[in-house]
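Please read them beside the model.

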Amino acid sequence: RPFVASFDKPGGNIVNTRLAIGDGCEVTMQRAGQIGDDTVVSITGGGRLLLNSHAETLGSLLLTNVHADADPTLLDATGTTLTLRRDITTSVFNEDGNIPTIKGRLALAPGPHIFDLNNALLGPGIDLQGPIGGAGGFSKFGNATLVLATSNSFSGPVAVHDGILDIQDAYALGTTSSGLTVTDGTLILRR
């Protein structure tokens, strides 16, 4: 990896506004609370943010994979929870099928969130490898497909404004107490 950093500051944030992890670089958390709660995190070019089982709360995520990327852009929250206060935006143009990936539990803070997922090849815009929880909901924009393949527990509303929302689990839409709206785009129900 071209650049590897380890965040291990006792008693405070290392980053408070913006963290950019570029082509093939890696940032690893050695303790919780290293990234400010409103920080915009941008990961591109197969870069990796490894939470190392330490919970973090972030503002927004910008995740990108393009044709030269040999690996998927990765945010690994395995063994912990990544809480998202705002939005996720992805851009994908990768002929090898590498797409941004979030591993582990994702919690949506209360309120609306935008998932703006774009794929120039009209495939998936993100690979969510874990459940989504929290009091928030989301609106799906962008031409890319969002696959919800696991049981989720989030309680906010879901709206599809563009692209495809592919439901592959009976509980993929969380508690559904706030409902699902499809204004444009496609909803696929597999279970």
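1. How many bridges join strand β17 to β19, and do they run parallel or antiparallel? Four bridges join β17 (residues 164-167) to β19, and the two run parallel. Strands are DSSP runs of E of at least two residues, numbered from the N terminus, and two of them pair if DSSP finds at least two bridges between them. Within this pair, I167 lies opposite L189 of β19.

2. The model is predicted: local features need pLDDT of at least 70, side-chain atom pairs count only at pLDDT 80 or more, and totals for chains, interfaces and linings use all residues. Residues are numbered from 1 along each chain as its sequence is written, and side-chain values use heavy atoms, with hydrogens and water left out.

3. β17 belongs to an open, parallel sheet of three strands, ordered β15-β17-β19. Because β15 (145-148) and β19 (186-189) each have a single partner strand, one side of each is left without a neighbour in the sheet.

4. Another open sheet has eight strands in the order β2-β4-β7-β9-β11-β14-β16-β18, also with parallel pairing. Its edge strands, β2 (18-21) and β18 (180-182), each pair on one side only. Three bridges link β16 (residues 158-160) to β18, and A159 stands opposite T181 there.
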